[in-house]
Amino acid sequence: MNILAELRGRFAAALAALADDAPQGVAAADLTPFADMVLPSQDAKFGDYQANCAMPLGKKLGKPPRDVAAQLVSALKLNDICDEPEVAGPGFINLRLRDAWLAERLTEALGDTENLGVSAVAEPRTYVLDYSSPNVAKPMHVGHIRSTAIGDALAKVLRALGHRVITDNHIGDWGTQFGMIIYGYKHFVDEAALAADAVPELSRLYRLVNQIGDHQQLAATGVPALEAKIAEAEGRVADLQAAPAQDDKKKEKQAAKKLRQAEGQLADLRKELAGAQEKLAAFEADAELSRLAAEHPAIGASALAETAKLHSGDEENVALWERFLPDCLEVMDEIYRRLGVTFDHTLGESFYHDRLAPVVEDLQAKNLARESDGAICVFLDGHDAPFLVRKKDGAFLYATTDLATIRYRMEEWRPDAILYVVDHRQSLHFEQLFATARLWGFDDLELEHVSFGTVLGDDGRPFKTRSGSAVGLMGLLDEAVERAHKILSENDDARPEPMLSADERLEAAERIGIGAIKYADLAHNRTSDYTFNYDKMLAMNGNTAAYMQYSCARVKSIFTRGGVDAASLRTPGAEIVLDSLAERALGLELLRLSETLARVAADYKPNHLTAYLFDLASRYSEFFEHCPVLKAESEELKTSRLRLCDLTARTLERGLGLLGIETVARM
Ligand code: ARG
């Protein structure tokens, strides 16, 4: 039962009734959306839920808000659920759920082994979720873990609500990185290393070609461009300095400010140049690298030519691609196994190769794309730059593949929505992609860029793993697990009698370490950046996976201590007593799982669920403090409280499970 949705439904009916004596031109449909202003109360003294819609409604209807509130209350049919609503202050409507009604809902939830009382949506939708999607053979970075964690959690939550979900890992397996690897293979390969362990050697080749290319570009165009900018900035400063003095004080001040700005810009540019020169010097100090760079001028263009050959079906390059790809996929899959993540499909960019030309043809035939400077472009209202679907040299782009992918997904799965869990730096791409797709005829499809912020290091810059490679990513997971193991062992060794065997410690550490990384990714509002910090994410206190896992284990330990089989408590009609404040608060929180999941599904933010679990754990602590369970005054009360414990443990476990986080029996 989604309590919030139920209350809003009842409010919508009452609001519609207000339309009867509303001023001319105000229809029921204008009033019913105010039902969304029913929200959980911030403070229990204002009841369980609160509606503050009477204030804006008062304006709309030209009546005092308190009168509107009174009218609404008399139109509301709520007495099966709530005590008599109370109008407070300027027109707040406070709602308190009836204790008996709450207890009945808890009984239902307790008996609902699968869903714990979470109601399925009335109209299930089909969602395609595009997440993780790394570029294989290129170093995978923490951002890909964030995408994976968020996408996996959203898939699980949407499924829990009864939606049909298709997950598709849109890997970059056809891009320029393969041209670089192929070029590297043809010129620099260490055959023995490749035979021994392919991926590190392929990564080395990728990095080598990339490094030489970056260096050449910096030397050939980067530095000269900076120098030109500096000369320009110097000219500006000189002009401003030479400008005749102003007699007007205000103008004088403005001129001084302008000069300071120009000087600041100049200083920044000089700093940038110094950085670039330092980089060049470091490269040149390496004799081997310098030699290679001299022997392979314009390596970037050569690598691009290898990519072009691959795309046009060159036998040798296709064979190399086919040879390298499985190894690259294997490294990626290792990470997924470790994270416990699976996908329904992994249809990478290469899958769409033959579907790209028809996309461009179709766009041209429909007059949506046209030639400009030899390239084929879609011009979009509100965008200065066009959306490029074919380059001058005939090459297709990331954009073309994404358009072909939308078309394929529509033909194959007929989704109502496609969600792309991709970092915020690609927002322009997705804006243009969605606008183009709508023009192309996919206009009743919901296309959503579920964007997320950057994972930062302690220095406030984008977090980098030590070796900056996929191997580095595995190292990152290892380190979290090792640290979890250390904390776990220290705590356990401090006990008079350690609780965990060596194997149990290892298993728990894996769950806690991996859980910590996922939870940190999920608990932050996805749109903001956050700082990757092992100490914080592994802390036993606060809104962390470790704290949630600990809470869950603690609740369950009651059953061991009391020698109670939790499943035996879940009999049909099992009674639950909500006499004390702490019991009632816990009971109400337990029933909010349903509305929490609906919230996650509404704005695609898993942090509503982490916040909920944290609140639930707090309500449980208060309950545990105030309500003896095994030593309750009566057998009846003991059973009821054990039922609340059982439901708490299962709700925590279910919630963590939906976040892709495993629990631990003891810690
Ligand atoms: N491969 C891309 C990257 O690593 C992300 C792909 C996201 N999905 C998509 N359909 N564009 O940046």
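## A first look at this predicted model

Strands S7 (residues 369-372) and S8 (residues 375-378) run antiparallel to each other and pair over 4 bridges. Here, strands (E, at least two residues) and helices (H or I, at least four) are DSSP runs, numbered from the N terminus, and two strands pair if DSSP finds at least two bridges between them. This is a predicted model, so to speak: local features need pLDDT of at least 70, side-chain atom pairs count only at pLDDT 80 or more, and totals for chains, interfaces and linings use all residues. Residue numbers start from 1 along each chain as its sequence is written.

**The S7-S8 hairpin**
- S7 and S8 make a hairpin with 2 residues between them.
- Aspartate 373, in the turn, has a positive phi of about 55°.
- Serine 372 has alanine 375 in S8 as its bridge partner.

**The parallel sheet**
- An open sheet of 4 strands goes S6-S5-S10-S11, with parallel pairing.
- Strand S6 (164-168) and strand S11 (446-452) sit at the edges, each pairing on one side only.
- On average, neighbouring strands in this sheet are turned by 20° against each other, direction ignored; axes are lines fitted to C-alpha atoms, for helices over the stretch in contact, and angles run from 0 to 180 degrees between N-to-C directions.
- Strand S5 (residues 126-131) pairs with S10 over 5 bridges, in the parallel sense.
- Aspartate 130 stands opposite tyrosine 420 in S10.

**Around the ligand**
- Which residues surround the ligand? They are Asp130, Ser133, Pro134, Asn135, His170, Gly172, Asp402, Thr405, Tyr420 and Val422; a residue is near a molecule if its C-beta atom, placed from the backbone, lies within 6 Å of it.
- Helix H15 (398-413) and strand S10 (417-423) each supply at least two residues of this shell.
- The shell has 3 nonpolar, 5 polar and 2 charged residues, where Ala, Val, Leu, Ile, Met, Phe, Trp, Tyr, Cys and Pro count as nonpolar, Asp, Glu, Lys and Arg as charged, and the others, Gly among them, as polar.

**Helices on the parallel sheet**
- Helix H6 (residues 142-160) lies across S5, S6, S10 and S11, running at about 165° to S5; contact here is C-beta atoms, placed from the backbone, within 7 Å.
- Helix H16 (residues 427-439) lies across S10 and S11, at about 180° to S11.
- H6 also packs with helix H18 (residues 502-523), at an angle of about 75° and with the axes 9 Å apart.
- H6 and H18 are therefore roughly perpendicular to each other (angles of 65 to 115 degrees; under 35 is roughly parallel, over 145 roughly antiparallel, and the rest oblique).
- Ile145, Arg146, Ala149, Ile150 and Ala153 of H6 meet Ile517, Lys518, Asp521 and Leu522 of H18.
- That contact divides into 6 nonpolar, no polar and 3 charged residues.

**The antiparallel sheet**
- Another open sheet has 4 strands in the order S1-S2-S4-S3, with antiparallel pairing.
- Its edge strands are S1 (38-40) and S3 (86-88).
- S1 pairs with strand S2 (residues 49-51) over 3 bridges, and leucine 39 has glutamine 50 in S2 as its bridge partner.
- Helix H4 (residues 65-75) lies across S3 and strand S4 (92-95), at about 170° to S3.

**From the UniProt record**
- The unreviewed entry lists "domain: DALR anticodon binding" at residues 548-667; positions follow the numbering used here, feature names are shortened, and annotations may be inferred rather than shown by experiment.
- Residues 548-667 are 67% helix and 0% strand in the model.
- The unreviewed entry also places a "coiled-coil region" at residues 223-286, a span that is 89% helix and 0% strand, with end C-alpha atoms 19 Å apart.

Terms used: Contact = placed C-beta atoms within 7 Å.
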